[in-house]
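Open the model in your viewer and keep the selection tool at hand. The stops below go from loops to rings to helices.

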Amino acid sequence: MTTGRPFLAPPPERPLEPRDPPTFSVVIAAYQAAAFVGAAVESALVQTRPPFEVIVSDDGSTDDVAGALEAWRDRIVLLRNVHGGEAAAKNAGAAAAAGEFVVLLDADDVYLPGRLEALGELAAARPDLDILTTDACLEVAGEVVRRCYTDSWPFPVDDQRGAILARNFVFGHAAVRRERLLAVGGFDPAMGVPDWECWIRLVLAGARVGLVAEPLSRYRLRESGLSSDRVAHSRAYVAALEKTRGHPGLTVGEREKITEALRLRRQELAQEEAEDALLEGRADARRRAAKVALAGGAPLLTRAKAALAAVAPWAARRVLVRRRQEAWVGASGIRVTRRPR
């Protein structure tokens, strides 16, 4: 099938016969999302290729999610769940879905109108792929700050097994073949980064990932999200890698990749914990800073800053406070400059 769209994917392992596009169940996990979930639902319903169904999986919200969705109640499925977290809400939505693919959508984000059509074209042309996604526009306060995929954050075509161990290269509004998702047990509620850890299990189980290299979603970066809590985010990445380290299907080379990824993530975590201790004026701030300064393998600039914090914490704190006032860091390490008040 020739569509003219830019597709990126590993080469097929055998000749393929194009198929009809699959059916897509859009699953929106929502928690305290009454203020914005309607826009997400509307964006899924107005697709140029309509979804098979739209499922809103409410994670025990105490705001009026049902009332916010009243205008679409005859066109969607609303699941009311006990609060169990993002992964549990996604699992409930996937279990209730009837489409061949489950397509994720965050409650505070939106699809552009041609997204499901583009995913359908990719799936039809490449029926061997189990995870599909598109590029996206990353926004802050309504302004686009960059695309998801860039030269510095590329989509890998070769060695996706190794690549997924190093970083989550799958943009979050992914479509995943439902039977494959259920076969690996869905999303793990114990993980702080459930999407990435799930993609790891799927790719290690043989799933391959394809990309439509067009920005067909709008992903809102917010300072209040998990990605802005750098310590929690780093701890979640470390936990996911520690769990993956016990996977029985890893090769020797993949175990080495995990060891290196864990070293880097633990190094980042130690730095972020030291910065938090410094900002909070805790008694352990100097000890944590000294540990970072003496750590082998850390970048020289990082060690120099940590040494300053260990010797002169008051000076280092002033610098750090000013830096945090000027910008915050969101998903994928994106530095967002604050607007002057």
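Is Ala141 buried or exposed? This is a predicted model, and in it Ala141 counts as exposed, because its relative accessibility is 64%. Select Ala141 in the loop between strand 7 (131–140) and strand 8 (143–147). Its phi is near 50 degrees, a positive value in a residue other than glycine.

Next, select Asp159, in the loop between strand 8 and helix 5 (160–166). Asp159 is not a glycine either, yet has a positive phi of about 45 degrees. With a relative accessibility of 47%, Asp159 counts as partly exposed, since exposed requires over 50%.

Now turn to the aromatic rings. The model has 7 aromatic pairs. Show the side chains of Tyr149 and Trp153: the ring centres are 5.3 Å apart and the planes stand at 35 degrees, so this pair is tilted. Tyr149 and Phe155 make an edge-to-face pair, with 5.8 Å from centre to centre and 85 degrees between the planes. Tyr149 is buried at 10% relative accessibility, and Trp153 is buried at 14%. Phe155 is buried as well.

Select Lys90 and Phe187; the charged end of Lys90 sits over the Phe187 ring, 5.5 Å from its centre. Then select Arg265 and Tyr237, where Arg265 lies over the face of the tyrosine at 3.9 Å from the ring centre.

Move on to helix 4, residues 115–125. How many of its 11 residues are buried? The count is 10, so helix 4 is largely enclosed by the rest of the structure. Among the buried residues are the charged-type side chains Arg115 and Glu121, along with Leu116, Leu119 and Leu122.

For the last stop, display helix 9 (residues 252–279) and helix 12 (residues 313–326) together. Their axes come within 9 Å and cross at roughly 105 degrees, which makes helix 9 roughly perpendicular to helix 12. To see the contact, select Glu275, Asp276, Leu278 and Leu279 on the helix 9 side. On the helix 12 side, select Pro313, Ala316, Arg317, Leu320, Val321, Arg323 and Arg324. Colour this contact by residue type: 6 of its residues are nonpolar, 5 are charged and none is polar.

Notes:
Residues numbered from 1 in each chain as written. Predicted model: local features only at pLDDT ≥ 70, side-chain atom pairs only at ≥ 80, totals over all residues. Heavy atoms only, no water. Phe/Tyr/Trp six-rings, centres within 6.5 Å; stacked < 30°, edge-to-face > 60°. Buried < 20%, exposed > 50% of the residue type's maximum accessible area, 1.4 Å probe, protein only. Lys NZ or Arg CZ within 6 Å of the ring centre and 35° of its normal. Helix = DSSP H or I, 4+ residues; strand = E, 2+ residues; numbered from the N terminus. Axes fitted to C-alpha atoms, helices over the stretch in contact; angles between N-to-C directions. Parallel < 35°, antiparallel > 145°, perpendicular 65-115°, else oblique. Contact = heavy atoms within 4.5 Å.
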